[in-house]
Amino acid sequence: SEATRLGRTLTRTEWPEPLRDVVEQGDVPVERAIAEKMISAVARELSDGWEVNFGLLHRFWEKKRDCEVPQGYETESGEKLGHWVGAQRKLRKKGLLLTSRERRLDKLWFTWDAIDAKFERNFELLLALVAREGHADVPKRHVVEDGEKL
């Protein structure tokens with residue numbers, strides 16, 4: 001969010017939905033005020049981390065033109081982008097990824113199902129091999145131009 005990029009305290013409407021739900025259940029105004037300040041700080045930390053990783057994913061997309069980040073991929077600065085991407089997939093699958101974040105990832109053509117994407121990519125490679133060779137009998141150790149094993 002704009003607030004996290006500017007480093008300012010988040011307003012209640014900018015908090016992640018699960019955190020807003022916790023505060024809205026509070027009964028005592030003083031406790032509620034303290035909880036709001038604490039939750040705002042936590043929300044900013046969580047949002048900041050997400051924004052940093054989203055920025056790294058965007059850079060990856062600019063270079064590769066896809067978001068198929070390998071599981072163990074680390075950026076030059078040592079950020080575990082592959083792990084973060086996997087975590088976003090798991091959050092979405094469990095229904096815990098914020099809709100706004102899902103939409104932002106969708107704008108980068110985020111790959112939600114890595115296994116399905118790999119199958120589709122390999123199937124396209126197989127079709128190209130069939131068109132070129134006239135058969136689908138793939139040699140055991142066949143490697144395509146980009147180094148991918150078929």
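Reader: What makes L96 and L97 contacts of L91?

Author: Contact means that heavy atoms lie within 4.5 Å, and, leaving aside the neighbours of L91 within four places in sequence, L91 is in contact with L96 and L97. This is a predicted model, in which local features need pLDDT of at least 70 and side-chain atom pairs count only at pLDDT 80 or more, while totals for chains, interfaces and linings use all residues. Residues are numbered from 1 along each chain as its sequence is written, and side-chain values use heavy atoms, with hydrogens and water left out.

Reader: Why is L91 called partly exposed?

Author: Buried means under 20% relative accessible area, exposed means over 50%, and partly exposed is in between, with a 1.4 Å probe and protein chains only. L91 has a relative accessible area of 32%, so L91 counts as partly exposed. L91 lies in helix α4, where a helix is a DSSP run of H or I with at least four residues, numbered from the N terminus. The C-alpha atoms of L91 and E102 are separated by 9.8 Å, although these residues are eleven apart along the chain.

Reader: Why does T75 count as buried?

Author: The relative accessibility of T75 is 14%, and therefore T75 counts as buried under the limit just given for that word. T75 is found in the loop between α3 (29-64) and α4 (81-93), and, with neighbours within four places in sequence left aside, T75 is in contact with L56 and L81.

Reader: How do you know that R104 and E51 form a salt bridge?

Author: A salt bridge is a side-chain nitrogen of Lys or Arg within 4 Å of a carboxyl oxygen of Asp or Glu, and the closest N and O atoms of R104 and E51 are 2.7 Å apart. Because R104 lies in helix α5 (residues 99-107) and E51 in helix α3, the pair ties together parts that are 53 residues apart in sequence. R104 is partly exposed at 26%, whereas E51, at 15% relative accessibility, counts as buried.

Reader: What makes E68 and R121 a salt bridge?

Author: The closest N and O atoms of E68 and R121 are 2.1 Å apart, which is within the limit for a salt bridge. E68 lies in the loop between α3 and α4 and R121 in helix α6, so this pair ties together parts that are 53 residues apart in sequence. By this rule the count comes to four salt bridges.

Reader: What makes F119, F123 and L127 a nonpolar surface patch?

Author: Patches are made of residues with over 30% relative accessible area and no salt bridge, with like charges joined within 9 Å and nonpolar side chains (Val, Leu, Ile, Met, Phe, Trp, Tyr) joined within 5 Å. F119, F123 and L127 make a nonpolar surface patch of about 300 Å², with accessible areas coming from the Shrake-Rupley method with a 1.4 Å probe, where for residues only the protein chains shown count as cover. L127 lies in helix α6 and, at 46% relative accessibility, counts as partly exposed.

Reader: Which elements make up the secondary structure of the chain?

Author: The secondary structure comes to six helices and zero strands, a strand being a DSSP run of E with at least two residues. Buried residues make up 28% of the 150 residues in the chain.
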